Amino acid sequence: MFSIIISSFIFYRIRSIRDRDTQEVPNNFEDYLQCWLLESLSIVTLGKQLGLLRDHSENYEDALKLFTALNTIFTVAFDLEWKPSLWRRVRTPKFRRFLQAADNMQAITLKYIDEAITNLEAEKKMGIVRLENEMSAFGRLLKIDKKIATVMCIDLFLAGINTVNI
């Protein structure tokens, strides 16, 4: 249900940002796609909207920080791995930027995960029982192992954003 709402929202957003004469999207269109993808991944994994598609929602600051961190990780990682650099011997500014982005991504993702666990526990205390197909991927994996669920969530965010950066 949420995916349908988000998909229709992104199509509305595309229509609203296109140039009226040429029908071309702006140069930063990839950012819109990445926001939509991150939002969709969050709904599938955690059952939570981040607020990236609605400016200044309740979670917008954290969501924007996560979005920025994920993009920084991939752009800087490419430079560190494929261009000549001394980062393996010396902590270069670019390597420190990479580490800071990774720390930011992990902190925000863990915050969202803790929030999802709290929500699931609250539902359980209130006697709300969800069918397996109504649960988020995180909720299903959480039944098996908390570490596996956490790693899966972080990996999905990283892999999801990476597919748009290619």
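Me: At roughly what angle do the axes of H2 and H3 cross?

Reply: Bear in mind that this is a predicted model, where local features need pLDDT of at least 70, side-chain atom pairs count only at pLDDT 80 or more, and totals for chains, interfaces and linings use all residues. Numbering starts from 1 along each chain as its sequence is written, and side-chain values use heavy atoms, with hydrogens and water left out. Helices are DSSP runs of H or I with at least four residues (strands: E, at least two), numbered from the N terminus, while axes are lines fitted to C-alpha atoms, for helices over the stretch in contact, with angles from 0 to 180 degrees between N-to-C directions. On that basis, the H2 and H3 axes come within 11 Å and cross at roughly 115°.

Me: OK, so how do H2 and H3 lie to each other?

Reply: Angles under 35 degrees count as roughly parallel, over 145 as roughly antiparallel, 65 to 115 as roughly perpendicular, and the rest as oblique. With a crossing of roughly 115°, H2 and H3 are therefore roughly perpendicular.

Me: Which residues of H3 does H2 meet?

Reply: Contact here means heavy atoms within 4.5 Å. From the H2 side come Asp31, Gln34, Cys35 and Leu38. Their partners in H3 are Leu66, Phe67, Leu70 and Asn71.

Me: How many nonpolar residues are in the contact of H3 with H4?

Reply: H4 covers residues 93-125, and its axis comes within 8 Å of that of H3, crossing at roughly 145°. Among the residues making this contact are Leu66, Leu70 and Val76 of H3 and Phe98, Met105 and Ile108 of H4. For classes, Ala, Val, Leu, Ile, Met, Phe, Trp, Tyr, Cys and Pro count as nonpolar, Asp, Glu, Lys and Arg as charged, and the others, Gly among them, as polar. The tally has six charged and three polar residues, and the nonpolar ones number 15.

Me: Is the crossing of H3 and H4 left-handed or right-handed?

Reply: Picture the near helix against the far one: turned anticlockwise by less than a right angle is left-handed, clockwise is right-handed. H2 passes H3 in a right-handed crossing. The crossing of H3 and H4, though, is left-handed.

Me: And how many charged residues are in the contact of H4 with H5?

Reply: H5 (residues 137-144) packs on H4 at about 80°, with the axes 11 Å apart, so the two are roughly perpendicular. Ile113, Ala116, Ile117 and Leu120 of H4 meet Phe138, Gly139 and Leu142 of H5. That gives six nonpolar residues and one polar, while the charged count is none.

Me: Is lysine 48 buried or exposed?

Reply: Lysine 48 sits in the loop between H2 (29-46) and H3 (60-82). Leaving out residues up to four places away in sequence, lysine 48 touches Glu39, Ser42, Ile43, Asn59, Tyr112 and Glu115. The cut-offs are under 20% relative accessible area for buried and over 50% for exposed, with partly exposed in between (1.4 Å probe, protein chains only). At 12% relative accessibility, lysine 48 counts as buried.

Me: What separates the C-alpha atoms of isoleucine 17 and phenylalanine 29?

Reply: Isoleucine 17 is in H1 (residues 2-17). Setting aside neighbours within four places in sequence, isoleucine 17 contacts Glu24, Pro26, Phe29 and Tyr32. Isoleucine 17 and phenylalanine 29 are 12 residues apart along the chain, and their C-alpha atoms are separated by 8.9 Å.
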